[in-house]
Amino acid sequence: MRTQVAIIGGGPSGLLLAQLLFARGIESVVLERKTKEYVLGRIRAGVLEQGFVSLMEEAGCADRLHAEGIPHNGTLISYGEEIFRVDFTRHTGSPVMVYGQTEVTRDLYQAREEVGGHIEFTVENVVIHGADGDAPHVTYTVDGVARRIDCDFVVGCDGFHGVSRQTIPADVRKEYEKLYPFGWLGILSETPPVNRELIYANSPRGFALCSMRNENLSRYYIQCSLDDTPEDWSDEAFWDELKCRIPAEVAAKLVTGPSIEKSIAPLRSFVTEPMRWGRLFLCGDAAHIVPPTGAKGLNTAASDVHYLYNGLRDFYENDSTAGIDSYSEKALARVWKAERFSWWFSSLMHTYPDQSGFDLKMQQAEIDFLRTNTAAQQAMAENYVGLPY
Ligand code: APR
Ligand code: PHB
């Protein structure tokens, strides 16, 4: 088989890129290791930057997002019993959109199916060949049968555990990583959200986040130990702990109910450089991971897709390699800023096992500065709604 762009990974990055390329008449094939049902079973964050929404519009996939997404003009931050608001729209002119990543992925699959986009599921043994030459190809198996795709470019959208990043020789790659000494225990419950806007809570017992998917579906998280498993936490224990970490006036309004999903995610910051090797490009989690505080994962994947899509358009429409040649540099410049924001917000809001009295005072002073300083709120708002592409 031959195509123009072979895309490894059918998560949001790969599907969005495929759909954008399709809108410009550029052919692609998406190779996904799992089934569609499995990919749609993953629960991830749910806050979209305006830049992401615009890309979904350009891809022709934004109707449901506009109908069901909830624009949020600000967020609340609490510290013990203290609570204050950062107003996004006032500081930046732009809200964020609350709409689950699972729904984004569902919309992208539907759009791909409607136009007959080529996606191969349950592929195994994906190997990228000749990415450092002019004629790359990808081999893989489906049900034990060997297949091959010849292409102009290969795009690795295969997440943190994919094969694409590993295809770049170790002596070319430079990796940067920070692991955090805690995880997030998250639950989804069919209860009304405790508040109209998200609440990020710093408490002496650890971080908590009150988020939502819609008016009767709430998403809550609490910082937990990396040794914990979801089975260690009954729903009752989760709700009790959450109530201890948010201001009493908010806890009093919390509606609890059975969890319909419960999982633990570790927190990691990771970047690999460069994001291009010959005719292989990395996008999204394949190249970088952020801790979830601030919901930058999907949004940062989207800015990669934006730069690469425009670079590939430039190549096919104008016969220019300028866009693909500057891809890695442009994408990384924005990635590092998202990494900085996610690291800063995580550092500000969590309790660290080895935190000294001095460290705690610094955290407290920084939160108080954010509470009272307009410039600090503006800086946070600009980062939260998304830096320009
Ligand atoms: N071959 C084919 N597909 C693969 C392979 C492989 N060897 N390895 C992984 N995949 C698939 C995974 O099954 C997954 O569906 O690649 C996809 C990668 O999707 P994501 O991990 O969702 O990554 P990405 O599309 O970059 O999305 C970034 O989603 O993962 C979240 O937190 C992340 O919010 C961020 C956003
Ligand atoms: C979520 O709703 O899952 C969510 C929201 C904001 C975050 C992280 C996760 O910062």
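How many aromatic pairs does the structure hold? The points below take up that question and some individual contacts.

1. The model is predicted. The count of aromatic pairs in the structure is 23.

2. One of these pairs joins Phe182 and Tyr352. Their ring centres lie 5.1 Å apart with the planes at 80°, so the contact is edge-to-face; planes over 60 degrees apart are put in that class. Phe182 belongs to strand S13 (residues 174-189), while Tyr352 is in the loop between helix H12 (327-349) and helix H13 (357-372); the pair therefore ties together parts that are 170 residues apart in sequence. Both Phe182 and Tyr352 are buried.

3. Phe281 and Tyr327 make another pair, with ring centres 5.7 Å apart and planes at 75°, so this contact is also edge-to-face. Distant parts of the chain are linked here: Phe281 sits in strand S19 (residues 280-282) and Tyr327 in helix H12, 46 residues apart. Phe281 is buried, as is Tyr327.

4. A single aromatic cluster is formed by Phe88, Trp184, Tyr200, Phe207, Tyr221, Phe341, Trp344, Phe345 and Tyr384.

5. Tyr384, a member of that cluster, also has a lysine over its ring: Lys296 lies over the face of Tyr384, at 5.6 Å from the ring centre.

6. A contact of this kind is found at Tyr38 too, where the charged end of Lys34 sits over the ring, 4.5 Å from its centre.

Conventions. Residues numbered from 1 in each chain as written. Chains lettered and ligands numbered in written order. Predicted model: local features only at pLDDT ≥ 70, side-chain atom pairs only at ≥ 80, totals over all residues. Heavy atoms only, no water. Phe/Tyr/Trp six-rings, centres within 6.5 Å; stacked < 30°, edge-to-face > 60°. Helix = DSSP H or I, 4+ residues; strand = E, 2+ residues; numbered from the N terminus. Buried < 20%, exposed > 50% of the residue type's maximum accessible area, 1.4 Å probe, protein only. Lys NZ or Arg CZ within 6 Å of the ring centre and 35° of its normal.
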